[in-house]
Amino acid sequence: STFLKRIFGPQSASGAAASPRETGAASPAPKPKGVTELLVHNVSHTDIAISYGAPDDGADAWDEAAVLARPQFSFFAKVSAELLATAGDDAAVAYARARKRDDADAAYPVVPDVADGGVPCGLVLKNATPWPAARLANELKYKGWEDATALAPRRVYFPLLAILVRAWLRQCDDRNVERVVLLVSGCGTPRDATKDAKANSTEHVAALMELFLTRVAAAGNLPSIKVVRLHSEANVFRYDENISFVRHELEPAVARLRTSRVVDDPDGADWYARFRVSLAFADGSPARVATIRTSLRGYRPTCMYVWQLKTFWQHRCLVDDDVEVLPFEASEAVPATPTALAEGEVRLVVDEVARLRTNWERAVAAPAGHDMARFWHRKSKKVVLAVLLVQKPGEPPKLYHGANMEVSMPTGSLCAERNVIGSALADDLGLKRSHLRCVAVLGLALPPPGELGPAPEPSSPVRIKEPFETPPASPRGGGG
């Protein structure tokens, strides 16, 4: 991997990167059109796990004998500040085992990985002072501690950030790429009015995360990553206060990052390709997460969703499969859009739906008649057509047609989406869920009964040649 240095140019008096548009200075010399990758992560209480036990002498490489804990809500700032002071600038990197999920099992269990090595996950806390048992019980939520004994903090882990950064780096092109992680921290007003609102702050955890990424890069396990920390004193639980935060602090910070990198033409048509944003969805206040996503929508961010938050807490390991990476188009829900504006895969599907509708109209108007109202849709009198786009890696896209069936039979009805997916599977038994790219449905109204066309010829009755045989009695006496 390429190790990169600071991404910022000269700083203005306010601390923001100076730009010709802001200062009136002469334009800088032309620079290579590199790419900046930005990962935005909202720091929450789920981001940290601490191991407690005997002072860390390095003998227990995987920290398996230690007690795993997290700070209580109103002790979060106090505990994380103490850990930051204990770690120091030269803290060693702590590792966790790598595992994977068995996607052949519907429960997705954690199983050993082929490359069962260590993954950077946290920092070693050398020479930490043991905590009395009373403090452990009062300030921590713990797992696996029952003895009333003093324990020392051994290591501090950041499992969500560790797997997010690994997934993010896999999306980055190593050639001429600069990487920035923006850590957003904050605090919220507690339910208990006697508690300090800043006591639950995640600001010190963000500082620990910056130290972690710096130390991992120094150890050669990661390319150089620039970390920017942005702390909010607004109440993370209030939607209106989060809106104020993103408008006055987050959005300007991201805009300065973009302008400082796309200096030759920050408003040019290609800046999207040169300043790429990824947005992590791990945990945190719903109001904070929702407003961050809304505020960054204009950057068309890649969505990085951690769908299993407690893997490390439960299994003491990291699983890369716990992160789903979706491009903006696949993760965005948007209002209805005119078909003339559809692009890419959506355009292919829209055009195919139009052709399928034309075929349906021809069938309805055909002199020979049809069975839609009399049989195939006799229950609902509603027709739904579906088009599915399937694409395998390295192959061109393929389109399938489907329709609903509402025949009032004991087996029930069949929706258009299930029908079209079943048709694709029948055509290719090697089909995977990841190959299903896009599905579109179109609801249509059948003509009134007087306009259905001539009735078709009655079909021959089905005759059963042999009666059903009564199954033999079960040897155990049960019914067959």
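1. The largest nonpolar core holds 66 residues, and within this core Tyr 52, Leu 123, Val 165 and Trp 168 touch the most other members. Helix H4, residues 159–171, supplies the largest share of the core, with 9 residues. The model is a predicted one. In soluble globular proteins, nonpolar side chains tend to be buried together.

2. Leu 123 deserves a look of its own. Neighbours within four places in sequence are left aside here. Its contacts then include the alanines Ala 87, Ala 91, Ala 92 and Ala 94. Leu 123 also contacts Arg 154, Arg 155, Val 156 and Phe 158. Leu 208, Leu 211, Phe 212 and Arg 215 complete the list of residues in contact with Leu 123.

3. Now the chain as a whole. The secondary structure comes to 13 helices and 17 strands. Of the 480 residues, 41% count as buried. Among contacts with a separation of 6 or more, 73% are between residues 24 or more positions apart.

4. Helices H2 and H5 (residues 203–218) pack at about 30°, and their axes are 8 Å apart. Angles under 35 degrees count as roughly parallel, so H2 is roughly parallel to H5. The crossing of H2 with H5 is left-handed. On the H2 side, the contact involves Phe 76, Ala 77, Ser 80, Ala 81, Leu 83, Leu 84 and Ala 87. These meet His 204, Val 205, Ala 207, Leu 208 and Leu 211 of H5. By class, the H2 contact with H5 has 10 nonpolar and 2 polar residues, and no charged ones.

5. Asp 89 sits in the loop between helix H2 (76–87) and strand S4 (93–101). Asp 89 counts as exposed because its relative accessibility is 69%, and the cut-off for exposed is over 50%. Not counting residues up to four places away in sequence, Asp 89 touches Leu 211 and Arg 215. Asp 89 and Leu 208 are 119 residues apart along the chain, yet their C-alpha atoms are separated by 9.9 Å.

6. The next helix pair is H6 (residues 239–261) and H8 (residues 286–295). These pack at an angle of about 40°, with axes 9 Å apart. That angle makes H6 oblique to H8. The crossing of H6 and H8 is right-handed. From H6, the contact uses Tyr 239, Asn 242, Ile 243, Phe 245, Val 246, Leu 250 and Glu 251. From H8 come Ala 287, Arg 288, Ala 290, Thr 291, Ile 292 and Ser 295. The residues of this H6–H8 contact divide into 8 nonpolar, 3 polar and 2 charged.

7. Most residues other than glycine have a negative phi. Tyr 108 has a positive phi, near 50°. Tyr 108 lies in the loop between S4 and strand S5 (110–112), and is partly exposed at 24% relative accessibility.

8. Arg 316 also has a positive phi, near 55°. Its place is the loop between helix H9 (311–315) and strand S13 (317–319). With a relative accessible area of 23%, Arg 316 is partly exposed.

Notes
Residues are numbered from 1 along each chain as its sequence is written. This is a predicted model: local features need pLDDT of at least 70, side-chain atom pairs count only at pLDDT 80 or more; totals for chains, interfaces and linings use all residues. Side-chain values use heavy atoms; hydrogens and water are left out. Axes are lines fitted to C-alpha atoms, for helices over the stretch in contact, and angles run from 0 to 180 degrees between N-to-C directions. Helices (H or I, at least four residues) and strands (E, at least two) are DSSP runs, numbered from the N terminus. Angles under 35 degrees count as roughly parallel, over 145 as roughly antiparallel, 65 to 115 as roughly perpendicular and the rest as oblique. A crossing is left-handed if the near helix is turned anticlockwise from the far one by less than a right angle, and right-handed if clockwise. Contact means heavy atoms within 4.5 Å. Ala, Val, Leu, Ile, Met, Phe, Trp, Tyr, Cys and Pro count as nonpolar, Asp, Glu, Lys and Arg as charged, and the others, Gly among them, as polar. A nonpolar core is a set of buried Ala, Val, Leu, Ile, Met, Phe, Trp, Tyr and Cys residues joined through side-chain atoms within 4.5 Å. Buried means under 20% relative accessible area, exposed over 50%, partly exposed in between (1.4 Å probe, protein chains only).
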